[in-house]
Amino acid sequence: MPVPAHHIVATPPPFDAPPYPVDIFAGHTVLVTGGGSGMGLAMAKAFAQGGANVVVMGRSIERAQEGAAEIAKLGVRTHAMSGDVRLPEAVAAAFDEAEEALGPIDLLANNAGANFPVLAEDISPNAWNAVTRIAIDGTFLCSTEYARRRIRAGKGGAIVNNSAQYVWTGFPGDAHSAAAKTAQATMTKKLAADWAPHGIRVNAIAAGFFPHASSTAGNREGGTEPLQNMIPAGRTGSIWEFGWLSAMTCTPIFGAMTGQVIVQDGGESLRRSLMMPDYVPPRERADGPWGWK
Amino acid sequence: MNGWLAGKCVAIEGDSPAIVSAFEAAGATLVEDEADIWVHVAPPTATKPAHELTHTEWRASMDAGLDRRFLGAKDFAASCRARGQGGAVLFVGAPEQALGADQAAAAGALGNLTKTLGVEWARDGIRVNSILTHETGDTLGYIAAYIASDYAAYVTGAVMGITLDD
């Protein structure tokens with residue numbers, strides 16, 4: 001159902017009006033994991049809008065290169081590389097490569113993630129490991145590699161993690177991602193505490209639904225239009241407003257902020273009424289909005 | 001701050017020099033009523049063990065930390081609806097466990113009130129958020145201005161802190 005015409009829907013400024021000056025990250029380099037597409041690309045573009053040079057790291061070098069080419073159009077230097085965030089040696093090597101290409105990594109965006117709706121009983125050990133280790137081990141390994149380098153250099157820094165709106169509620173039909181994304185959110189607070197003495201800030205955005213080319217629901221028949229009225233805010237998110245908030249947490253403007261998980265979901269994760277619609281077990285709603293058939 | 005609040009009228013109730021200066025720097029006009037944004041800053045309560053709090057002190061904390069906030073937000077939302085406009089409510093105060101049991105009760109209630117009103121008024125275009133923090137300086141002002149601005153149009157029903165122990 002479309003959003004009724006008498007409802008008021010709050011909307012953000014357009015992509016070409018970022019919330020910070022074009023040079024706020026000038027002279028800085030950001031590493032964005034999974035930055036070649038989707039939400040990672042949105043983060044990367046937001047940093048680029050503030051003048052940061054961007055290293056795009058992804059499992060697929062082709063996708064990383066495509067993303068880097070888009071980011072470069074914003075007038076910054078980029079470097080695309082492939083790497084597996086689950087392997088400590090690969091992460092260290094990636095940081096070496098990134099620093100050789102664009103200099104010291106000043107900022108880190110942990111976005112790399114995999115996610116696909118699946119019944120819990122159908123999650124294979126491989127699938128469980130893939131989804132949880134990319135988000136959990138990947139965020140840990142990239143963050144610690146980054147922090148060791150910053151501490152060694154005697155410099156502070158900022159990390160932003162891409163968490164999810166369902167971290168406090170569970171996500172039936174997506175058990176691996178439910179576990180993985182909450183681990184990211186809770187480690188955010190502790191990493192922030194561990195590294196506060198070193199001037200490294202760590203925050204997370206618990207993002208709602210920001211459709212993009214590779215999002216599951218975005219590929220439904222009929223696109224995302226039928227989804228707008230399902231969200232209290234009356235719309236799905238515009239992906240650049242997610243990128244902006246992520247980048248904002250890394251600016252000196254928010255310089256005292258650390259250890260925070262900011263929910264940006266248009267109210268989607270919150271309860272709407274005391275009684276909810278009929279409960280349908282995930283295996284009986286395969287054709288629903290988060291189904292998998 | 002790129003004019004985050006250019007053209008916006010803001011009513012600020014309570015005392016926070018950092019918020020006032022950040023909102024002005026972001027281009028907002030401070031007004032008494034007919035505002036696009038209503039910010040309520042609750043004063044910190046005294047920190048006392050619960051058994052030493054009188055009921056009068058307890059009530060004063062609930063009034064400032066919860067009741068006045070609800071009633072003020074209700075009036076603001078009514079004004080927005082009467083004008084056919086959306087708006088933003090921002091509650092600012094201390095974290096739940098930072099002071100006494102009175103603050104713990106008021107801030108907890110406020111957090112869930114924030115989540116409730118954020119959804120209840122979502123289709124009035126009225127966003128409702130809270131910042132519960134020890135921070136009183138520039139970062140508080142800037143985050144408050146950002147969350148109140150259209151840049152945070154997809155943030156509603158959110159309760160956030162700023163510093164580590166928030």
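Helices (H or I, at least four residues) and strands (E, at least two) are DSSP runs, numbered from the N terminus. This is a predicted model, in which local features need pLDDT of at least 70, side-chain atom pairs count only at pLDDT 80 or more, and totals for chains, interfaces and linings use all residues. Residues are numbered from 1 along each chain as its sequence is written, while chains are lettered from A and ligands numbered from 1 in the order in which they are written.

Helix α2 of chain B covers residues 55–83, 29 residues in total. From first C-alpha to last, α2(B) reaches 40 Å, close to the expected 42 Å; that expected span is 1.5 Å times one less than the number of residues. Just past the end of α2(B), you will find Gly84(B) with a positive phi of about 70°.

## What surrounds the helix

Several residues of α2(B) are buried, among them Leu66(B), Arg69(B) and Phe76(B). Buried here requires 20 or more other C-beta atoms within 10 Å of the residue's own, with C-beta atoms placed from the backbone. The cover over these buried residues includes strands β3 (37–41), β4 (87–93) and β5 (126–132), along with helix α3 (101–120), of chain B.

## Chain B as a whole

Chain B has 4 helices and 6 strands, arranged along the sequence as β-α-β-β-α-β-α-β-α-β. Of its 166 residues, 52% count as buried. The radius of gyration of chain B is 15 Å, which agrees with the value near 15 Å for a compact globule with 166 residues. This radius is taken over C-alpha atoms, and the globule rule is 2.2 Å times the number of residues to the power 0.38.

Chain A holds 6 helices and 7 strands, in the order β-α-β-α-β-α-β-α-β-α-β-α-β. Buried residues make up 51% of the 293 in chain A.

Where the chains meet, 36 residues come from chain A and 30 residues from chain B. Two residues are in contact if their C-beta atoms, placed from the backbone, lie within 7 Å. On the side of chain A that touches chain B, α5 (175–195), α6 (239–248) and β7 (261–264) each supply at least two residues.

Methods
Buried ≥ 20, exposed ≤ 12 C-beta atoms within 10 Å, placed from the backbone.
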